[in-house]
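Some notes on the aromatic contacts follow. Please read them with the coordinates open.

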Amino acid sequence: MLHESIEESYIQLDLEVENFEEAIRKSFDPLVKRAIVTKGYVESVVQIYQKTGPYIVITKNIALPHAPVADGANKLGLGFVRLKRPVISGHETNDPVKYLFPLSAKESNEHVELLSKLAELLSQKEFIEFLEKVSSTQEFINYFGKE
């Protein structure tokens, strides 16, 4: 499921940003470019974050930016961003954020399997170590068995 949702063009390594909101916006750039999500979807993620706080920071150093399907999710897609310098999201226990997995799901239930697999990976120390050291987008894709 992961290898079907993530493409090499959705991966950004050592992205430079000034703050968490910029990290959210830039994390979706490749998905907007490929029409996986609309610009309105991205702004919805930012607005929800501004209103409710860092709900998308799901574990230590990791955020999963997403919004309701109706806000502009066109297709299933998952990106990956490793920030050059971690940023503060405002989450008491999981800051700073260094990795973002921007998510889009066209159907509200189609992301469940995807999130389950991602959660399984994020619980593995080896995968977190891989995120830190991966040196190319192709290496990232190969990790999931995609060539």
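1. Start with helix 6, residues 125-133, in this predicted model. Phe 127 and Phe 130 both sit there, three residues apart. That spacing puts about one helical turn between Phe 127 and Phe 130.

2. Are these side chains buried or exposed? Phe 127 is buried, because its relative accessibility is 0% and the limit is under 20%. Phe 130 is buried too, with a relative accessible area of 7%.

3. Phe 130 also pairs with Phe 140. Phe 130 belongs to helix 6, whereas Phe 140 belongs to helix 7, residues 137-143. The contact therefore ties together parts 10 residues apart in sequence. Phe 140 is buried, at 0% relative accessibility.

4. Now the wider count. The structure holds nine aromatic pairs. Phe 127 with Phe 130 is a stacked pair: the centres are 6.3 Å apart and the planes lie at 25°. The label is stacked because planes under 30 degrees apart count as such.

5. Which residues do the ring pairs link into a cluster? The members are Phe 80, Tyr 99, Phe 101, Phe 127, Phe 130, Phe 140 and Tyr 143. The cluster thus takes in the helix 6 residues Phe 127 and Phe 130, along with Phe 140 of helix 7.

Methods:
Residues are numbered from 1 along each chain as its sequence is written. This is a predicted model: local features need pLDDT of at least 70, side-chain atom pairs count only at pLDDT 80 or more; totals for chains, interfaces and linings use all residues. Side-chain values use heavy atoms; hydrogens and water are left out. Rings of Phe, Tyr and Trp (its six-membered ring) pair if their centres lie within 6.5 Å; planes under 30 degrees apart count as stacked, over 60 as edge-to-face and the rest as tilted. Helices (H or I, at least four residues) and strands (E, at least two) are DSSP runs, numbered from the N terminus. Buried means under 20% relative accessible area, exposed over 50%, partly exposed in between (1.4 Å probe, protein chains only).
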